[in-house]
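I opened the model today to look up a few residues and the packing around them. My notes follow in the order I took them.

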Amino acid sequence: MHAFSHLPAVTAASYSPDPQLASAELRAAFRDPTPGFVLFFCSAEYDLDALAACLKRDFDGIGLAGCTTAGEITPNGYGQGCITAIGFDCRSFAIESALVKEIGRFSLTDAQAVVESLTAGCLSRKLAPIKGHSFALTLLDGLSSQEELFLVALNSALGSIPNFGGSAGDDIHLANTHVFCDGRFHTNSAVVLMFNTLCEFEVFSTHHMQAPGEKMVVTAVDSESRTVLELNAEPAAAEYARVIGVPEAALDHRAFALNPIAVRIGEEYYVRSIQRVNADRSLTFYCAVEKGIVLTAMRPGPMLPDLEAEFARIEQAIGTPRLVIGCDCFLRRLEAQYSGLQEAASAFLRAHRVIGFNTYGEQFNGMHLNQTFTGVAIGGFRHGWR
């Protein structure tokens, strides 16, 4: 167990695989001061029913939300098979949470009701105005295939409130991913959190993709399952393998991490990560894909210099962050591992006070993204407030 304090939030992690001990260690780390809300990210290897029961007991009376991961970001950097958490001081943060079940049925009317409820809850605390002092965090079932429609509705209802988030993982088993709210873990669901705060903050998203290469047109697709059947009128797996220069039999997570493909929107490229190769030589994606879209083969640039530049920009905007909540695509972590950068990346996250998780997708102001580092940097108190 490890914990340290950077008020107005305390961070902690437990590396015990035992749910009872892990929950107890987190609770001990947050004894002084007792937080108003705790946000956690945990390995899917835990007995989730047992962990939920322990957390519900140990954090009784404290707001609590979280999700399962494809790897954790702890006070010590990258973790695996553990639980990491942030306790927020109620004098600096008003935090409200809402559970959304069956996210595929989430309408704009539903989104407006959720946002109104979250806003009213934050305002009742009389901490700060909503506008300019609030951001939203979304935690989504990472295997729901419904993120895009959900995010469009929510982003519309949030209006000018910046929002970001991550899709829950399950240690790359691709079987079941869970979000936690109201005392238990849920599938096919989302948690929406609103943070109203006296602190400076900056919501951001960055990636290190560059050097666009050969283009591929999606010529046959099953949009509902996000499965591309053909690229350039050829079996999707065969054409992707040809374009990136590897044998079709070598297509795996390593190949996907090191050979991303992206869609261009305006002047920006957005990665559409591949989840798996299917027996019929089709490719299933983590993001929505439609017939006729053009996918471009990309090459990862230097990962750490990109992160360093983004954090330098953030420091210019809000000063040195006291805490960063980070949603880091699991393919980035795999890329760092395959490139021999995992220790350096982990050290960077530790030095910059990042707590978070490796995701099956990231969310940024209504967009569903892949292979990004997306999050919020939280700085000191705003002038005139404390």
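In which strand is aspartate 328 found? I looked it up in what is a predicted model, and aspartate 328 sits in strand S25, residues 323-329.

**Entry on aspartate 328.** I checked its accessibility next. Aspartate 328 has a relative accessible area of 2%, and the cut-off for buried is under 20%, so aspartate 328 is buried. I then listed its contacts, leaving aside neighbours within four places in sequence: Ile73, Tyr78, Phe357, Asn358, Thr359, Thr372 and Phe373.

**Entry on helix H8.** I moved on to helix H8, residues 330-338. I found 7 of its 9 residues buried, so H8 is largely enclosed by the rest of the structure. The buried residues are Phe330, Leu331, Arg332, Arg333, Leu334, Glu335 and Ala336. Just after H8, I noted glycine 340 with a positive phi of about 75°.

**Entry on helix H1.** Which residues of helix H1 are buried? In H1, residues 19-29, I wrote down Pro19, Ala22, Ser23, Leu26, Arg27 and Ala29. Seen down the helix axis, the buried residues of H1 fall within an arc of 160°, so they line one face of the helix. I recalled the general point here: an α-helix has 3.6 residues a turn, so residues three or four places apart point the same way.

**Entry on the nonpolar cores.** I looked up the largest nonpolar core, which has 62 residues. The members that touch the most other members are Leu39, Phe88, Leu139, Leu193, Ile325 and Ile378. Helix H5, residues 236-244, gives the largest share of this core, 6 residues. A second, separate core has 22 residues, including Ile130, Leu140, Leu151 and Leu158.

Beyond its neighbours within four places in sequence, leucine 39 is in contact with Ala65, Gly66, Thr84, Ala85, Ile86, Phe88, Leu137, Leu139, Leu193, Phe195 and Ile325.

**Entry on cavities.** How many cavities of 30 Å³ or more are there? I got a count of 4. The largest cavity has a volume of about 40 Å³. It is lined by 10 residues, and the closest to its centre are Val10, Pro33, Gly87, Phe88 and Asp89. Strand S2 (9-14) and strand S7 (83-88) are the elements that give two or more residues to this lining. I sorted the lining residues by type and got 8 nonpolar, 1 polar and 1 charged.

**Entry on positive phi.** Most residues other than glycine have a negative phi. I noted aspartate 171, which is not a glycine but has a positive phi of about 55°. Aspartate 171 is in the loop between strand S10 (163-167) and strand S11 (179-181), and at 14% relative accessibility it counts as buried. Aspartate 182 also has a positive phi of about 55° and is not a glycine. I placed aspartate 182 in the loop between S11 and strand S12 (184-186). At 59% relative accessibility, aspartate 182 counts as exposed.

**Entry on proline 235.** Is proline 235 buried, exposed or partly exposed? I read 28% relative accessibility for proline 235, which counts as partly exposed. Proline 235 is in strand S18, residues 234-235. Not counting residues up to four places away in sequence, proline 235 touches Leu229 and Arg281. I also took a C-alpha separation: proline 235 and isoleucine 172 are 63 residues apart along the chain, and their C-alpha atoms are separated by 25 Å.

Key:
Residues are numbered from 1 along each chain as its sequence is written. This is a predicted model: local features need pLDDT of at least 70, side-chain atom pairs count only at pLDDT 80 or more; totals for chains, interfaces and linings use all residues. Side-chain values use heavy atoms; hydrogens and water are left out. Buried means under 20% relative accessible area, exposed over 50%, partly exposed in between (1.4 Å probe, protein chains only). Helices (H or I, at least four residues) and strands (E, at least two) are DSSP runs, numbered from the N terminus. The arc is that of the directions from the helix axis to the C-beta atoms. On a 1 Å grid over the protein atoms alone, a cavity is a set of points where a 1.4 Å probe fits but cannot get out, and a pocket is an open set with protein on both sides within 12 Å along at least five of seven lines; lining residues have an atom within 4 Å of a point. Grid points are joined across faces, edges and corners, and a volume is the space filled by probe spheres set on the points. Ala, Val, Leu, Ile, Met, Phe, Trp, Tyr, Cys and Pro count as nonpolar, Asp, Glu, Lys and Arg as charged, and the others, Gly among them, as polar. A nonpolar core is a set of buried Ala, Val, Leu, Ile, Met, Phe, Trp, Tyr and Cys residues joined through side-chain atoms within 4.5 Å. Contact means heavy atoms within 4.5 Å.
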